[in-house]
Amino acid sequence: MKKPFKVKRKKPSYGVYDTYSILILLILTILLTGIFLMIDNLIVKFGSLIFFIAIFFFLFPPIFGSTNFAKMKLREKIINVAQPKENDVILDVGTGRGLHAIGFAKALEKCKVIGIDVWSQTSLSGNRMEKALENAKIEGVSEKVEFKNADARELPFLDEYFDVVVCSFVLHNIGKNWRKALKDMIRVLKTNGKLVIAEIGYGLFSKKNMIDALEKANASAIHFHSWGFGGNIISAVKTPAYRQRDDKK
Ligand SMILES: C[S@@+](CC[C@H](N)C(=O)[O-])C[C@H]1O[C@@H](n2cnc3c(N)ncnc32)[C@H](O)[C@@H]1O
């Protein structure tokens, strides 16, 4: 009997977060734990096991957050928090392989979505504009999405241009000028437009620091949402100009 033809369907692939840092930390942890376990001292052995478990929990969010299952959950959560409308103009800052830009384009019948990035090789595996274009083609939204090479700290768009701006796990990759990127995202957002940010949730990106940075960038109605795989999803709106003036009085 003749075998039936099988046509393989290509699936989109959105890459692994912070590839090099995770790999280096994992190798170092395994090496150090191995060395300490060889030392003939019960306290050192016990300490090394605790160290290994602690690092495992630290690495859990980026590793499991990089699975396709988690990425689809993140994208759905971000879209539901953003509540976009038909005909919206949407910006995905640090789009990488296009996860959110493509998600919004799939969620809406009519919209214009732009994904920008500098496509750094250290923050996402296989990070290239071609990968984002390929994913858009696989997900059938090529005509609604556009990708541009641009820096988040100097967005090449007019003030008040976008209805929604999203930025997922990008600020911690930008480094010390991340507040400048946040200000520029608010600049290009329409008054009362929605900003949705996903971030790691500790250190420079603790709840307190994020609220402070957002308020200084003229955002209000700041809310935190959880999504189950570590980090925070934060929503805010651009404060109307009359309220910005009142706040300064
Ligand atoms: C961890 S990846 C997240 C990608 C995507 N947002 C997602 O959630 O799948 C961080 C992205 O931020 C981008 N990035 C880092 N610094 C940037 C900058 N200054 N301007 C624009 N993009 C930047 C990196 O190239 C990378 O694609």
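The protein chain folds into nine helices and seven strands, where helices (H or I, at least four residues) and strands (E, at least two) are DSSP runs numbered from the N terminus. This is a predicted model, in which local features need pLDDT of at least 70 and side-chain atom pairs count only at pLDDT 80 or more, while totals for chains, interfaces and linings use all residues. Residues are numbered from 1 along each chain as its sequence is written.

Let's take the overall picture next. The C-alpha trace of the protein chain spans about 75 × 70 × 25 Å along its principal axes. Of the 249 residues in the chain, 35% are buried, meaning that 20 or more other C-beta atoms, placed from the backbone, lie within 10 Å of the residue's own. Among contacts with a separation of 6 or more, 70% join residues 24 or more positions apart; a contact requires C-beta atoms, placed from the backbone, within 7 Å.

Now look at helix H5, residues 129-138. Its buried residues are Lys 131, Ala 132, Asn 135 and Ala 136. They sit on the same side of H5 because they cover an arc of only 140 degrees around the axis, taken from the directions from the helix axis to the C-beta atoms. These buried residues pack against helix H4 (99-107), strand S2 (112-117) and strand S3 (145-149). After H5 comes Gly 140, with a positive phi near 75 degrees.

Finally, turn to the ligand. It is surrounded by 22 residues, the closest being Gly 94, Gly 96, Ser 120, Ala 152 and Ser 168; a residue qualifies if its C-beta atom, placed from the backbone, lies within 6 Å.

Note on methods: A residue is buried if 20 or more other C-beta atoms lie within 10 Å of its own, exposed if 12 or fewer, and partly exposed in between; C-beta atoms are placed from the backbone. Two residues are in contact if their C-beta atoms, placed from the backbone, lie within 7 Å.
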